[in-house]
Amino acid sequence: MSDLLSSLNPDQQKAVLHAEGPALVLAGAGSGKTTVLTHRAAWLINEKNILADQVLLVTFTNKAAGEMKERIQKLTGSSIPYAGTFHSLCARILRHDGYNLGLDANYVIYDSDDQTQLIKNIYKEHGFDPQQFKPNAVKSEIAKAKNELTTAADYEQYAVGEFQVFTAKIYKLYQRALKEANAVDFDDLLLKALQLLQEQQRIRERYQEQFQYVLVDEYQDTNKAQYLLTQLLTQPQNNLYVVGDFSQSIYAWRGADYRNMLQLKQDFKNVAEYRLEQNYRSTQTILDAATEVISHNKSHPVLKLWTANTTIQPIICLECNTGELEAVKVVNEILQHRRETPLEEMAILYRTNAQSRLFEEALIRAGIPYKLVGGTKFYERQEVKDVLAYTRYLVNPLDSVSLGRITKLGKRRLEKFEAWRATMKKDEILTGQPHKLLEQILEKTEYLSKFSAEIEEERQRTENVQELVNMASQFANLTQFLENVALIQDNYFSDVEQRVGGDTTGFVQLMSLHSAKGLEFEVVFMVGMEDGLLPHSHSLFDSEGIEEERRLCYVGITRAKEHLYFSYTHSRFQYGSRTSSIVSRFLLDVPEKLMKFEASFQQQTISGDRARRIVVDEDMAESLLRGELDIDVFLES
């Protein structure tokens, strides 16, 4: 036992040595929760002589499950057979016992695309108009209903308003079509497994006897079905051991509910609580900033993180006049850190995926390789390519590739587009303001009607299209705009790196704050720290939404190990004109004593275009890579 516990701090040891009954481990960011979970499982196997197949370990990703299984194997010499996601566990149960619900063991699982196609087939078969109620919006509503354990019959009973009444009709047809195809969707995996355990006492008791101890990771991310599943599987022993952090609950839009951790105390008597507040990742300055931000949330407990790391490094706050200059300044800082820090240990984090464009372009122009994590490069995004295809075809009607793409977007859209294009004179197209022409394309084709504001993913697609319009507003005509896009798509500017002989190993990581959860980096840039971006505009007037945005900010801050940067701008391009920005309320929560402020590019006369041309300049790039020149000094001179 001494060998097993020797690497743990006192709080971790207490959590691992929990005796019997339910336990809640509140584990702050970077506090070693994976270590505690794996050592807990190892302790049960090695010291309590529990058989490995009597321990159920549930995580939220297959990768996390694989890593934990490997660690437990090293600690115990035993392989733990029941370790995986909720969905994989339920799939396993249904393969074995699903026949009790009339489900064939060879059922198939429909992914998101399969679900969308099935709903579209139902529309086509019954003559429903996809323009009246979008298939993706209906799919999202059905998923929301399933997350609340609402069956098709229940939903029909409580449906209010045209959209819900229509969705109720599709829901019934959708479930019938799934059954006919011997298929289930991901939500059904949870619901049917739950139904099976609730209805079949013999099967329920078999699994309850099998799993003497149930360990669950990331409990703040569980939904209603997952909560009930863990509640059922742990009876009658009630050896439920959950690890989570209220402050890192950022998936409400997927049905996750941090209140499940509060509910535990009501549903289980004498729940033992352990707190892991020692952080092994970040400096105290970074942790203090995170604590100050999250402490404004009042609906859940907040941990006070601390570290034995004595490094004192202020958080750098970059104040920039424009979004273009923000990107250039961040890239300049990356060039400075590059001397001592691998590129892959640097990350740019943003609230919306549309924000990536400016940073992608600045990195390309500086010759710095990058990767988008959990996303697609801006100009490779489907909606961006769609609008560019309309634009290219507007300029050049002989462009068969673009015609082929926009034809697939719908004949009615194409007819409306062609009718409008026929009214346009050639000079109007070639000399008109690009952003105005793009706005007209969107209006005439009703392209944005494809996306629902109620669905997070589709809202992001709309934001990407708007970012393309913002970019177009910075060019004199469509020819210049399309030429610039083509050069960027072709990585034309990236040869700066090869010409000056720079190091090409590693990639700077670009990702949304949601994608950053669970990761860590030496240097983190949290960009766009403005009200409307973080917190997002959709949450500004919703108290629960603001608290979730605050948790998202907390997650971003706690990704940083040594160096943390905040950046914000005084203005950004929106809807074809420059609008003023308001600094994020979350940034104002951070005490000034923790930060060092750097006003960047204070000369108002410096335009974003000029700043970008400077970075492209070969001599400038070479000097930057060698660390001989600082952009601020250059511009001020």
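Two strands are taken to pair if DSSP finds at least two bridges between them, and the strands themselves (E, at least two residues), like the helices (H or I, at least four), are DSSP runs numbered from the N terminus. The model is predicted, so local features need pLDDT of at least 70 and side-chain atom pairs count only at pLDDT 80 or more, while totals for chains, interfaces and linings use all residues. Residues are numbered from 1 along each chain as its sequence is written, and side-chain values use heavy atoms, with hydrogens and water left out.

Val25 stands opposite Tyr274 in β8, and strand β1 (residues 23–27) and β8 pair in the parallel sense over 5 bridges. They belong to an open sheet of 6 strands, ordered β3-β2-β6-β7-β1-β8, in which the pairing is parallel. At its edges lie β3 (83–85) and β8 (272–276), each of which pairs on one side only. From one strand to the next the twist averages 15 degrees, where axes are lines fitted to C-alpha atoms, for helices over the stretch in contact, and angles run from 0 to 180 degrees between N-to-C directions. Helix α3 (residues 33–46) packs on this sheet, touching β1, β2 (55–59), β6 (213–216), β7 (240–244) and β8, and its direction makes about 170 degrees with that of β6; contact here means heavy atoms within 4.5 Å.

A search of the whole structure finds 34 salt bridges, each being a side-chain nitrogen of Lys or Arg within 4 Å of a carboxyl oxygen of Asp or Glu. Lys33, Asp217, Glu218, Asp221 and Lys517 are linked in a network of such bridges.

Within helix α16 (residues 356–365), Glu361 and Arg357 lie 4 residues apart, about one turn of the helix, and their closest N and O atoms are 3.0 Å apart in a salt bridge. Glu361 counts as buried because its relative accessibility is 3%, under the 20% limit for that class, whereas exposed means over 50% and partly exposed in between (1.4 Å probe, protein chains only). Arg357, with a relative accessible area of 3%, is likewise buried.

Asp386 forms a salt bridge with Arg405, the closest N and O atoms being 2.7 Å apart. This pair links distant parts of the chain, 19 residues apart, with Asp386 in helix α17 (residues 382–395) and Arg405 in helix α18 (residues 400–407). Asp386 is buried at 2% relative accessibility, whereas Arg405, at 28%, counts as partly exposed.
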